[in-house]
Each structure stands twice: as C-alpha cells, then as structure tokens.
Amino acid sequence: MQFKPAVTALVAAVALASLLSGCKKEEAAPAAPPPQVGVVTLQPQAFTLTSELPGRTSAFRIAEVRPQVNGIILKRLFKEGGDVKAGQQLYQIDPSVYDATLKSAQANLQQTKSISDRYKQLVNEQAVSRQEYDTAVANRMQSEAALQTAQINVRYTKVYAPISGRIGRSNVTEGALVSNGQVDAMAVIQQLDPIYVDVTQSSVELLELRRELESGRLQKAGDTAAAVKLTLEDGSQYKQEGKLEFSEVSVDQTTGSVTLRAVFPNPDHTLLPGMFVHAQLKSGVNAAAILAPQQGVTRDLKGSPTALVVGADNKVELRQLKASRTVGNQWLIEDGLKAGDRLITEGLQFVKPGVEVKASEATNVGAKNPAPAQAADKASSGKGE
C-alpha cells in the first residue's frame, strides 16, 4: 500500500506529457504565403537624348567707338543705354582746325591745277620743258591727295555708330580732349538681337555621343538636331528657340571641355551679355530606350545602381545596372534591364534575391513624365558605372 502515491504520480506525469504534446501539434503554424510585391513591366519607348549644359550669353557684335582725329568734344548726341542705328552721329568733335585745313587744301589744289593746265599747252609749244610739266602734274596730284585727307578729317569730326545696337555709358563728356589711337573707347555698342550663347560640354561626353551615333544605338534627331532651348537664371524657360552655330575645334586643356555656340533671337532684349543660363541641346534619338522608375533603382555599398526584378519562376533576381541619367522621376537604363522585365518598385524591404514572391501591378509609381522626347535631362553623378 506504500507504493500507491508513487504510481499515481507517475500516471499523472504521463498524462500531462501526452496533453502537452497534443497542444504543440495543434499550435504548429501553417507555411507562410509568398510576400506581395508591386512591379512595373518595362516597355521600350522612343527617347530624344537631350544634354543640359551651362553657358553664358555674349553680344552678337561689339563695336568700340574711338576717335580718328584729335580734338575737343563739343556735343554728345545719344542717350546712354539707348538703341542706336548704324550711321547715326554720336559725337561732334570741334572741326575748326580741320575746316581751315580743308580750305587751304582747296586753294592749293586750285593753284596747282591751274599751273598744270597751263603747262600742258606750253609743253606742246615747247615753251616749257617736259620735266617742268611732269612736276606740275605731280604737284596737282599731291594737292588732290591733301584735299582728300582734309575732307576725311572733317568727316571724322562727326563720330558715327559703326553698327546698330544698344550703346552703353559715355566715357567722355563735352569739353574732353580725345586723340586718334587712344586706348580707351568713347563708348561701346553691342548688338543684342540676335545674341550668342556659349556653352561648354565635356570632351568625354562628346566622344560617347559620337560613338553611340556611329554604332546605331542613337539616331540623329533630324532637322531638330541643331535646335537649342534655354533656361534662365530664375528657372524660367526662354520663349525663343535657338540654333547651334558651331563647336570649337579644340579642347580647353585646363577644363577638358569643348565650347559650343548657339544663336538666339532676342527681340525684347530679355537676354543681356554675361547672363548665366542652361541650354538644352537635342543630340539624338534612342528608338528603344528603357526608362525605369526611380523607386525601383537602389545603390549597393559600392554606390553602383542595382534593381530587383521578378523572374519567370516568380523568384527575385538582382540586376547590376548602368544608368546614365535621370529623366524626371525615371532613370535611363543603358544596361541591366530589358523590355518585359518586371521591376519591383513596391515591397523591396521585404524581399531578397532568390525568394519566391507574388507580383501585382505597383501602386507607388505615379503618372509618367511628359513625353521623354520633350523632357529636359541631366547627367547623373554615377555616369559610366
């Protein structure tokens, strides 16, 4: 009878173990469903390659007004900062001395002409020698040259505008003495319509562009290849469209860049020389460009762009990308993604390569940018990766 408590305890322990074992089997969780991700199916589309380059404006023509005779300024005949026409008189230099010289030259010519005419009759009659007649003719020609010089000097006392444009401040006033060949200009005229815009492009980018055009990856943009648009310092878009005139034939050794010059109509004189601007140049057309939403492109520890895509077996794949530039809220992909790839843009934090997922249309990608052919593009800091 002394063993009954022990037997009872053993039976109770076995029953408790059986009960706990049954509970564990009932609490075993079912297999987790595959994580849900949002994807964007990439499609090729035509894309016009546009380079945004910094530049500055410069006058189409510049003329420095300088005196060609010595004298005192009597009058200034223009308004500073106003527009002048070619041939318009700007200054009047005191002509007194030059008028007197002109009259003297006229009198001298009258005298030498009279002598040469008389000697012409006498030489035929052998009343004077041929040498005396030749000397008289030479004197008359010298007098004609002196008269012409005097007339030019009188004309130079009136200082005219050599070109049409906007004239700056006057560096001389009435009563100032000016001289022929002086270093300082009396005023400066700048033609502002049209106006030049000089921009700089890296020689490396220029070589890449030519290589892509030669390989056929890019096609020339046709008649609009030389079209240029402009963004002003305040971020506004300049209304007039310009045209690329030429590119420099050499590379700047200090900056490694090439200067490109465009000309823009400037009827309202909105653009002034020296303004900092950004120019958008249409370089070529990629008929099958791949544009990936920025939400689906990340960077690894090395800073290289990467993306996760859903493969044919619904498993996640890691892709190393080569992304050259941004286009609004998208990346222009040169390598790593192709048409038909399902790019993951939603739920990236819950998946990793090799995991099976359930894909659906992404909801975190908003409306696309305006047509890529019209978008202004900027080269990314990771270009050439």
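Student: Which residues form a nonpolar patch on the surface?
Tutor: I72, L74 and L177. Together they have about 280 Å² of accessible area. Keep in mind that this is a predicted model.

Student: Where does I72 lie?
Tutor: In strand β3, residues 71–76.

Student: Is I72 buried, exposed or partly exposed?
Tutor: Partly exposed, because its relative accessibility is 33%.

Student: Switching to charges. How many salt bridges does a search of the whole structure find?
Tutor: The search finds 10. One of them pairs R140 with E144, with the closest N and O atoms 3.9 Å apart. The cut-off is 4 Å.

Student: How are R140 and E144 placed in helix α3?
Tutor: They sit four residues apart in that helix (residues 130–156), so about one helical turn separates them. R140 is partly exposed at 23% relative accessible area. E144 is partly exposed too, at 38%.

Student: What about R319 and D341?
Tutor: Their side chains form a salt bridge, 2.9 Å from N to O. This pair links distant parts of the chain, 22 residues apart. R319 is in strand β17 (316–320), while D341 is in the loop between β19 and β20.

Student: Are those two buried or exposed?
Tutor: Both R319 and D341 are buried.

Student: And which strands hold K322 and E334?
Tutor: K322 lies in β18 and E334 in β19, so the pair ties together parts 12 residues apart in sequence. Their salt bridge spans 3.7 Å, N to O. K322 is partly exposed at 32%, and E334 is partly exposed at 25%.

Technical notes. Residues are numbered from 1 along each chain as its sequence is written. This is a predicted model: local features need pLDDT of at least 70, side-chain atom pairs count only at pLDDT 80 or more; totals for chains, interfaces and linings use all residues. Side-chain values use heavy atoms; hydrogens and water are left out. Patches are made of residues with over 30% relative accessible area and no salt bridge: like charges are joined within 9 Å, nonpolar side chains (Val, Leu, Ile, Met, Phe, Trp, Tyr) within 5 Å. Accessible areas come from the Shrake-Rupley method with a 1.4 Å probe; for residues, only the protein chains shown count as cover. Helices (H or I, at least four residues) and strands (E, at least two) are DSSP runs, numbered from the N terminus. Buried means under 20% relative accessible area, exposed over 50%, partly exposed in between (1.4 Å probe, protein chains only).
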